[in-house]
Amino acid sequence: IILAAIVPAFMHFFGVFCQVHFEAKKLGMEGLRPDELPDAKAVIRREWPTSVPLFVLLAVLFSGYTPYLAAFWGITACIVIGLTNRNPAVAVALCAVLLAAVWSGQLPEWPALGPIIALCLGLSALWVIKDGNAGKTRLVDMVDAFVVGAKYAISVGAAAACVGIIVGIVTLTGVGFKLSDIVTSTAGQMAAVLGQVVPDVLFSQVAMTLFFTLVLTAIVCLLLGCGVPTTPTYIIMVTIAQPALAKLGVAPIVSHFFVFYYGVLADITPPVALAAYAGASMAGADPFKTGNTAFRLAMAKALVPFVFVYSPAMLLVTKGFTW
């Protein structure tokens, strides 16, 4: 899945980067002068221990362990590095021990985590006591981080719980399959009408049915994705919108990426562009103008899912892929 997402994600971010760059050049905006920039080597030398939790998280996740266990070890590494004031020796030792356990397949599972948590807390407490007031400040900051994280987790958890209800209703009532029937039958009717005008040499009936199914599915995903966090969005899209594409023989990974892209696109599509509104609140900008600008910059993203279907090679891992 990660390999499949790399190329389109890179193209999207590179495209937006270029647009922002040229927009800034057009408006005469300038960056920091060379003398104002921090020294990259000094920053890396001072801050590199803070990257250890990320590497731990990825190493555990890529080794086949569950996302929950990967998150646990990433958070544990983050706490230890934070409370020990980003000590390089602690970072190296922690990383070496965890990676050795991962590669040997001996990473402790849930039953054995109690003593490890106690050990980490004990070492961190010793470090806090040794550092005096500075250690106490870091401890307060860490507790505050847990409080903020819990607040964000509550909002996401509530949304995920509501999505569970939606998925249950859709599964038990068969709404998802009914919706896919409506989409495919409507697309077939549209293709039949257009087929009377467009000769088969240009577009066959099957090709036009697929195209209109993609368009209608995209509209459904945009509507259903409004105001919903990313993970619940994917669950809803796969349950309700993806069966329509599966009925037309679109490969599973392609159809999943198609509906997911359009579901997430709802976050920057006015009038419910939540991600753009969040950015506007941080920048102190007009929310609706920010939403319109975000949608304009991401318009290419609206075309990419169609490329997935008509040229699956972009996802790298599809059947029959060649460079």
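Predicted model: local features only at pLDDT ≥ 70, side-chain atom pairs only at ≥ 80, totals over all residues.
Residues are numbered from 1 along each chain as its sequence is written, and side-chain values use heavy atoms, with hydrogens and water left out.

The protein contains 15 helices and 0 strands, where helices (H or I, at least four residues) and strands (E, at least two) are DSSP runs numbered from the N terminus. Its C-alpha trace spans about 80 × 55 × 40 Å along the principal axes. Of the 323 residues, 32% count as buried, the term buried denoting under 20% relative accessible area, exposed over 50%, and partly exposed the range in between (1.4 Å probe, protein chains only). Among contacts (heavy atoms within 4.5 Å) between residues at least 6 apart in sequence, 69% join residues at least 24 apart.

Two packed helices are described by the angle between their axes and the distance between the axes. Here axes are lines fitted to C-alpha atoms, for helices over the stretch in contact, and angles run from 0 to 180 degrees between N-to-C directions. Helix α9 (residues 205-224) packs against α12 with the axes 7 Å apart and at an angle of about 45 degrees. That angle makes α9 oblique to α12, since angles under 35 degrees count as roughly parallel, over 145 as roughly antiparallel, 65 to 115 as roughly perpendicular and the rest as oblique. From α9, residues L214, T217, A218, C221 and L222 meet F258, V259, Y262, G263 and L265 of α12. By class, this contact of α9 with α12 comprises 8 nonpolar, 2 polar and no charged residues, with Ala, Val, Leu, Ile, Met, Phe, Trp, Tyr, Cys and Pro counted as nonpolar, Asp, Glu, Lys and Arg as charged, and the others, Gly among them, as polar.

Helix α10 (residues 230-240) also packs against α12, the axes coming within 9 Å and crossing at roughly 130 degrees, which makes α10 oblique to α12. The crossing of α10 with α12 is right-handed. In α10, T230, T233, Y234, M237 and V238 meet H256, V259, F260, G263 and V264 in α12, and the residues of this contact divide into 6 nonpolar, 4 polar and no charged.

A search of the whole structure finds 0 disulfides, a disulfide being a pair of cysteine sulfur atoms within 2.5 Å. C226 is in no disulfide, and the nearest cysteine sulfur, that of C221, is 11 Å away. At 30% relative accessibility C226 counts as partly exposed, and C78, with a relative accessible area of 41%, is likewise partly exposed.

Backbone features were also noted in two places. The peptide bond from P270 to P271 is cis, with omega near 5 degrees, and P271 lies in the loop between α12 (252-265) and α13 (274-283). L316, in the segment after α15 (299-310), has a phi near 65 degrees, a positive value in a residue other than glycine. Finally, S63 is found in the loop between α3 (52-62) and α4 (67-83) and is partly exposed, with a relative accessible area of 36%. The C-alpha atoms of S63 and V206 are separated by 42 Å, these residues being 143 residues apart along the chain.

How values were computed:
Left-handed = near helix turned anticlockwise from the far one by under 90°.
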